[in-house]
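Here are my notes on the model you sent over.

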Amino acid sequence: MEQTLISFISALRNADVRVSPAETLDAFAATNLIGYAERDTLKRALWLTLPKTPDEKERFDQCFDRFFDVEAIDSNTAADEAPSASASSDLGAMLQSGDDAALSLAMAEAGRETGVSSIQLFTQRGLFTRRIMERMGLGDLNAEIAALRDGSLADLELAQSLSAARDRLRGQVRDYVEREFLLHADHDGRRLREEVLRRVKLSNVDRRNFRHLKAIVLRMAKKLETLASRKRKVFRRGHLHVPSTLRSNMSYDGALFELEWKSKKINRPKVFAVCDVSGSVASYARFMLLFLYSLEAVVPRVRAFAFSSHLGEVTGWFEEHDLEEAITRTLKAFSGGSTDYGQAFEDLHDLCLDEVDHRSTVIILGDARNNYGDPRKTLLHTLYERAGRVIWLNPEPRSSWFAGDAEMRAYLPYCHQARVCNSLEHLERLMTDLVKLGR
């Protein structure tokens with residue numbers, strides 16, 4: 001337990017909470033008295049001992065919650081449909097049972113045993129993911145899956161179910177390693193930190209890094225605006241228009257004094273951004289909206305909509321307030337309620353269907369998890385037929401798109417593109433495409 005407290009104090013220092021040697025000794029004395037069994041009591045004791053300023057206390061709260069809470073394993077890790085056969089390996093049995101608590105504890109224990117808190121380089125993410133999976137029992141699980149594939153039909157079904165659950169678990173272990181990296185890695189180097197934040201899942205980034213993310217987004221937007229400006233200069237000149245040049249120089253006996261150029265109309269895209277802001281998806285929506293509205297000079301016609309159940313337009317808030325205030329209002333107003341994509345698409349039709357045409361790009365950001373409600377895919381079909389492009393950005397890995405209550409299978413036929421989008425790097429690629437579309 002002493003090593004746990006040492007690792008936590010290291011994470012606090014990395015979060016810019018100053019902890020002196022004397023305060024470290026006070027923390028040890030406090031934990032020796034109260035122990036680690038009562039989480040709230042432990043948090044209160046360390047809160048009184050370690051942070052000093054209001055800012056440090058806020059960072060302490062965030063760091064404590066991230067350090068001592070391993071995010072619950074998604075219930076979709078369990079088999080989607082319980083096979084008739086039973087897994088024999090320990091990890092396979094946990095995956096098949098859907099015991100989220102057991103999986104979370106096993107992951108945390110494997111993380112401690114593999115020393116994940118010592119991670120310093122983002123490139124070590126795959127190494128620690130593999131070590132944790134192996135410590136959890138990946139070898140026995142892989143051997144069981146291989147053996148089942150040579151068995152009966154029931155065995156084959158179990159093998160397929162365990163294989164899908166194993167892939168989803170790998171993604172969740174990878175998320176856990178990312179969070180550990182952000183807690184413990186040395187971020188003194190700005191270039192390294194920015195490279196990490198560009199690639200890490202947005203849901204794994206805590207609030208203390210939001211200001212860094214915002215700065216990166218604004219620099220990305222400036223870069224794309226420069227690219228768009230350079231393309232505009234090229235298109236203004238275009239290619240030599242030979243017939244027009246000959247006609248306008250007839251009076252000069254064939255000498256070419258006045259050149260005529262072909263020009264191409266710059267047709268900037270009209271963007272309809274539809275964002276699911278429920279639960280963990282909200283962190284992705286925050287930065288997509290920030291990115292879109294930072295590109296006002298390149299993509300000036302953005303209408304933004306947000307929903308968890310009912311959908312509403314939030315464009316006016318982005319016109320009346322600064323970006324951060326508009327985003328905060330959006331999340332506060334629409335993040336409550338049970339997610340209902342069918343209702344959201346009906347509301348979108350009522351608000352703007354007549355304005356969607358072949359010049360429009362409709363961007364939908366969400367995991368398509370509809371709580372087993374009616375997906376009402378015909379409403380998306382109508383948008384697909386009217387819009388120039390319908391792009392679906394799903395923050396979940398493709399292996400989870402068809403699991404549980406996800407409705408991506410119903411929506412995919414009515415999307416021109418569907419991408420995994422859960423990092424700034426993914427968002428930058430999307431915005432680059434939008435810039436090219438408008439040229």
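1. A word on confidence to begin with. pLDDT is the predictor's confidence in each residue, from 0 to 100. This is a predicted model, and pLDDT stays under 50 over residues 77-81. The model still gives that stretch 15 contacts beyond four places in sequence. Where pLDDT is low, though, the predicted coordinates should not be read in detail. For the protein chain as a whole, the average pLDDT is 81, and 82% of the residues score at least 70.

2. Now the overall picture. The protein chain has 19 helices and six strands. It runs to 439 residues, of which 50% count as buried. Looking at contacts with a separation of 6 or more, 73% come from residues 24 or more positions apart.

3. Two packed helices are described by the angle between their axes and the distance between the axes. Take helix α5 (residues 90-97) and helix α6 (residues 100-114): their axes cross at roughly 140° and come within 8 Å. The two are therefore oblique to each other. On the α5 side the contact uses L91, M94 and L95, and α6 brings A102, L103 and A106. By residue type that is six nonpolar, no polar and no charged.

4. The other pair is helix α7 (residues 125-136) with helix α9 (residues 153-184). They pack at an angle of about 125°, with axes 9 Å apart, and that makes α7 oblique to α9. The crossing of α7 and α9 is right-handed. From α7, the residues taking part are R125, G126, F128, T129, I132, M133 and M136. They meet R166, L169, R170, V173, R174, Y176, V177 and E178 of α9.

5. Last, have a look at F318, which sits in helix α14 (residues 315-320). Is F318 buried or exposed? With a relative accessible area of 8%, F318 is buried, because the cut-off for buried is under 20%. Leaving out residues up to four places away in sequence, F318 touches L289, Y293, L323, A326, I327 and T330. For a sense of spacing, F318 and A304 are 14 residues apart in sequence, and their C-alpha atoms are 8.7 Å apart in space.

Methods
Residues are numbered from 1 along each chain as its sequence is written. This is a predicted model: local features need pLDDT of at least 70, side-chain atom pairs count only at pLDDT 80 or more; totals for chains, interfaces and linings use all residues. Side-chain values use heavy atoms; hydrogens and water are left out. Contact means heavy atoms within 4.5 Å. Axes are lines fitted to C-alpha atoms, for helices over the stretch in contact, and angles run from 0 to 180 degrees between N-to-C directions. Helices (H or I, at least four residues) and strands (E, at least two) are DSSP runs, numbered from the N terminus. Angles under 35 degrees count as roughly parallel, over 145 as roughly antiparallel, 65 to 115 as roughly perpendicular and the rest as oblique. A crossing is left-handed if the near helix is turned anticlockwise from the far one by less than a right angle, and right-handed if clockwise. Buried means under 20% relative accessible area, exposed over 50%, partly exposed in between (1.4 Å probe, protein chains only). Ala, Val, Leu, Ile, Met, Phe, Trp, Tyr, Cys and Pro count as nonpolar, Asp, Glu, Lys and Arg as charged, and the others, Gly among them, as polar.
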